[in-house]
Amino acid sequence: MIKKIRPQVGFASNNVKEHVLSKFRAEQSSNEYIISLCKQKLFNEAIKAFEFSQKKMGFCLNLNTYAYLISACSYLRSLEHGRKIHDQMLKSKSHPDLTLQNHILNMYGKCASLKDAQKLFDDMPERNVVSWTSVIAGYAQNGQGSNALELYSQMLQSGIMPDQFTFGSVIKACSSLGDIGLGRQLHAHVLKSEFGAHIIAQNALISMYTKSSLIIDALSVFSRMATRDLISWGSMIAGFSQLGYELEALCYFKEMLHQGVYLPNEFIFGSIFCACSSLLQPEYGRQLHGMSIKFGLGRDVFAGCSLCDMYAKCGFLSSARNVFYQIRRPDLVAWNAVIAGFAYGGDAKEAIAFFSQMRHQGLIPDEITVRSLLCAFTSPSELYKGMQVHAYISKMGLDLDVPVCNTLLTMYAKCSAFPNAIFFFKEMRYNADLVSWNAILTACMHHNQVEEVFRLLKLMCISQHRPDYISLTNVLGACTEILSIEIGSQIHCFALKTGLAIDISVTNGLIGLYAKCGYLETARKIFDSMINPNVVSWSSLILGYAQFGYGEEALKLFETMRRLDVKPNHVTFVGVLTACSHVGLVEEGWQLYRNMEKEFGIEPSREHCSCMVDLLARAGCLDEAEGFIHQMVFDPDIVVWKTLLAACKTHGNVDVGKRAAENILKIDPSNSAAHVLLCNIYASKGNWEEFARLRSLMKQRGVRKVPGQSWIEVKNRIHVFFVEDRLHPEINKIYATLEELLLQMLDAGYVPFQK
């Protein structure tokens, strides 16, 4: 029987061997197949092959295959598959070596699963520089710079020395924290190490310095580099472009091309297009556009976004449209760029059209999309469209985003829907941030709602947000509007206590307030305390001196300003022309007016023309003033004619005064000031017949003289007074004081004007 069954045992033994061999070949084939897919960068297919091999066949994979699969998950940022592969590795009782463990650490860092990375790192019996660097890089890449730096410190204490990759990651972590002091210490550490001259560490330093706005330090690192790669050039060009050194960005781009070592990529072209955009130089941009096409980047999404933005900012909206349609498979960022371009370019219709196309393509707008679109609505005629977008935002739940709400608030204010803006702010008030408060304060100022500014300021002070320099600038503007020196002084004290007084916009607001309220000494003290006053500072003080009759002081200040090479603006010339008017310097005024455009490139505005009319009229050159009005490029308004009419009353010129009054009445037939001034001119010349005729005409037309009024603030209360007012509760005391002042004036030798 033994003989009979021996062949059967031999046969079974052969089957087992064959089965084992077959399975071994299949496992080997599976390992090779997965590795082959990974090498071809077919990562999704490799992961599917892994899942199939485990579900259907139960094959064991070797450590090399696991390493490739983990790298595939890193590339795809697929935490789910990474965890599955790691778990399968542990279940199969495979013992990953240090290299594979480092791959897993890197995968968890790239997939932002820092807890998994830290747990694996803590459990590792052995660690090398790659292990430490992988975890440090994970923290740095995911915005946890403090943890990255703490781990770097532990690494040094453990005796492991960093390499160029460690330096690259830890410098990036330092950059994200904005701690430039620590960054400089790291720079010193890099220089002392054997990897100090390595290109990865040097590139990280350039990036850190440019992000910290220290372009000189970045340039110092760049210029000392023995070898540079495309990242070095790209970082430097991007730094110049972002920090306002656009011409330098173009020069370094040209130098890179001249050296001929590297060809520019889409990121470098993106930076260069941004530089052209800031310079408003579309011709440079067009040439670079042609170059990008030559380098095969004409349809690239990144370069295309920057190019589209450049054309839109330079006003070439049709070119922006053409560039966008050339982009291969535009993503959400590209759509946002083209919508923003047309919105900021003032073409609301086209911005809406792109928004509709985007939705039809199946893309879902995000917060940036709707914020860009809302910027297109800036006039009352576009309010309805803005409200439609608001309804869409509410429907999509995007109104929970505070920046979106802030943009909505600004949209309503710009579309002159101030009640809507106030109502919307009340709705979002408890979620409002500092930008929200500043937006509503700015809206109040634009709509002359001064009392509302003060009310909102009180609410803001009891909220969790404290006023910043923008808030104070708005409030100081409100104080200036109503000449409230009392509230303005309180704001000044608040600015000094909080340190906001050093901000130039706040300082300029204070100078403007004190100057307009007649506190010229205080305004001058604040001006003199400034280290580097700008044109607004100079102009505010010059205007203050001019308006209060200190013409010579204003002109001296203007001369000092010119000696210091501060370029004047249109407000400066309003001030100096007003000063010439008060002092009677007609020739000097003419000279300044002529030089405005010739020397400083400032086109005369309606305000400047009014100043010239006032200058000539005050000096008695009434015919010349009338001739100037007729040759103005603007249609003369009531203010200009009133200026001339008032001067005609002073100088007793009936003919010019009559023509000035007629022109006022053509614009506003019921204007009482024109009737009254002309009546006074006739009366001063004894022309009682014309005086009576004009009085009769006033009665027929129902024209009534609007009584003059003034106001004064006492203890946070505004007191308003009319001519011959008898309504004030303390009127008896007021008139008693006036009589006393009149007696003092007579005693001082004042002779009342009786002409």
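Reader: Leaving aside its neighbours within four places in sequence, which residues is Thr-369 in contact with?
Author: Do keep in mind that this is a predicted model. Beyond those neighbours, Thr-369 contacts Leu-332, Asn-336, Ile-339, Phe-355 and Met-358. Thr-369 itself sits in helix α21, residues 367-374.

Reader: Why does Thr-369 count as buried?
Author: The cut-off for buried is under 20% relative accessible area. Thr-369 has 0% relative accessibility, so it counts as buried.

Reader: Gly-341 also counts as buried; what makes it so?
Author: Its relative accessibility is 6%, and buried means under 20%, so the label applies to Gly-341. Gly-341 belongs to helix α19, residues 332-344. Not counting residues up to four places away in sequence, Gly-341 touches Ala-312 and Leu-317. As for Arg-359, its C-alpha atom is separated by 18 Å from that of Gly-341, and the two are 18 residues apart along the chain.

Reader: Why is α17 called roughly antiparallel to α18?
Author: Helix α17 (residues 301-313) and helix α18 (residues 317-326) have axes that cross at roughly 165 degrees and come within 7 Å. Angles over 145 degrees count as roughly antiparallel, and therefore α17 is roughly antiparallel to α18.

Reader: Which residues make the contact of α17 with α18, and how do they divide by class?
Author: From α17 come Gly-304, Leu-307, Cys-308, Tyr-311 and Ala-312, while α18 brings Leu-317, Ser-319, Ala-320, Val-323 and Phe-324. By class, this contact has 8 nonpolar and 2 polar residues, with no charged ones. The crossing of α17 and α18 is left-handed.

Reader: What makes α4 roughly antiparallel to α5?
Author: Helix α4 (residues 79-91) packs against helix α5 (residues 98-110) at an angle of about 155 degrees, with the axes 10 Å apart. The cut-off is over 145 degrees, so α4 is roughly antiparallel to α5. The crossing of α4 and α5 is left-handed. On the α4 side, the contact is made by Leu-79, Gly-82, Arg-83, His-86 and Met-89; on the α5 side, by Leu-100, Ile-104, Met-107 and Tyr-108. By class, the contact of α4 with α5 has 6 nonpolar, 2 polar and 1 charged residues.

Reader: How do you know that Glu-51 and Lys-84 meet in a salt bridge?
Author: The rule asks for a side-chain nitrogen of Lys or Arg within 4 Å of a carboxyl oxygen of Asp or Glu. For Glu-51 and Lys-84 the N to O value is 4.0 Å, and the pair is a salt bridge. By this rule the count comes to 14 salt bridges. Glu-51 is in helix α2 (residues 43-57) and Lys-84 in helix α4, so this pair links distant parts of the chain, 33 residues apart.

Reader: Why do Glu-51 and Lys-84 count as partly exposed?
Author: Partly exposed lies in between the cut-offs of under 20% for buried and over 50% for exposed. Glu-51 has 23% relative accessibility, so it counts as partly exposed. Lys-84, at 41%, therefore counts as partly exposed too.

Reader: Where do Arg-524 and Asp-528 lie?
Author: Both lie in helix α30 (residues 520-529), 4 residues apart, about one turn of the helix. Arg-524 forms a salt bridge with Asp-528, with the closest N and O atoms 3.2 Å apart. At 25% relative accessibility, Arg-524 counts as partly exposed.

Reader: Why is Leu-520 called buried?
Author: Its relative accessible area is 8%, so Leu-520 is buried. Leu-520 is found in helix α30. Apart from neighbours within four places in sequence, Leu-520 is in contact with Tyr-514, Ala-515, Gly-544, Tyr-545, Phe-548 and Tyr-550.

How values were computed. Residues are numbered from 1 along each chain as its sequence is written. This is a predicted model: local features need pLDDT of at least 70, side-chain atom pairs count only at pLDDT 80 or more; totals for chains, interfaces and linings use all residues. Side-chain values use heavy atoms; hydrogens and water are left out. Axes are lines fitted to C-alpha atoms, for helices over the stretch in contact, and angles run from 0 to 180 degrees between N-to-C directions. Helices (H or I, at least four residues) and strands (E, at least two) are DSSP runs, numbered from the N terminus. Angles under 35 degrees count as roughly parallel, over 145 as roughly antiparallel, 65 to 115 as roughly perpendicular and the rest as oblique. A crossing is left-handed if the near helix is turned anticlockwise from the far one by less than a right angle, and right-handed if clockwise. Contact means heavy atoms within 4.5 Å. Ala, Val, Leu, Ile, Met, Phe, Trp, Tyr, Cys and Pro count as nonpolar, Asp, Glu, Lys and Arg as charged, and the others, Gly among them, as polar. Buried means under 20% relative accessible area, exposed over 50%, partly exposed in between (1.4 Å probe, protein chains only).
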